[in-house]
Amino acid sequence: MEVVHLNQKQLAARWNISEATLERWRSVGIGPKFLKLCGRVAYRQVDIEAYEESCLQISTSQSVAAHVSAG
């Protein structure tokens with residue numbers, strides 16, 4: 001299986017957020033896991049999708065994960 005990576009610019013475009021937001025998230029430890037190789041930041045597609053899955057909501061007060069574990 002080929003591992004797909006996105007750079008910061010590509011992920012910012014995917015989520016329609018600024019690159020500065022991703023930089024801030026990395027500095028405070030939120031957002032998807034990332035790689036830092038030779039001074040470059042890369043995000044694995046699998047980690048992006050896992051993070052997106054963790055952010056799914058079914059209402060403003062309940063996440064999908066909470067709903068599944070309660071059901």
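A residue counts as buried when its relative accessible area is under 20%. The model described here is predicted. Its chain has 71 residues, and 23% of them count as buried.

**Overall build**
- The chain's secondary structure amounts to four helices and five strands.
- Read from the N terminus, the order of elements is β-α-α-β-β-α-β-β-α.
- Take the contacts between residues at least 6 apart in sequence: 39% of these join residues at least 24 apart.
- The chain exposes about 5400 Å², with carbon and sulfur atoms supplying 55% of that area.

**The tryptophan pair**
- The structure contains three aromatic pairs.
- One of them joins W15 and W25, with 6.2 Å from centre to centre.
- Their planes stand 50 degrees apart, and the pair is tilted.
- W15 belongs to helix α1 (residues 8-15) and W25 to helix α2 (residues 19-28), so the pair ties together parts 10 residues apart in sequence.
- Both W15 and W25 are buried.
- W15 and W25 also form one aromatic cluster with Y51.

**F34 and its neighbours**
- F34 and Y43 form a tilted pair, because their ring centres lie 6.3 Å apart and their planes meet at 55 degrees.
- F34 is partly exposed, at 37% relative accessible area.
- Y43 is buried, at 1%.
- R26 lies over the face of F34, 5.6 Å from the ring centre.

Note on methods:
Residues numbered from 1 in each chain as written. Predicted model: local features only at pLDDT ≥ 70, side-chain atom pairs only at ≥ 80, totals over all residues. Heavy atoms only, no water. Phe/Tyr/Trp six-rings, centres within 6.5 Å; stacked < 30°, edge-to-face > 60°. Helix = DSSP H or I, 4+ residues; strand = E, 2+ residues; numbered from the N terminus. Buried < 20%, exposed > 50% of the residue type's maximum accessible area, 1.4 Å probe, protein only. Lys NZ or Arg CZ within 6 Å of the ring centre and 35° of its normal. Contact = heavy atoms within 4.5 Å. Areas by Shrake-Rupley, 256 points an atom, 1.4 Å probe, with all protein chains shown as cover.
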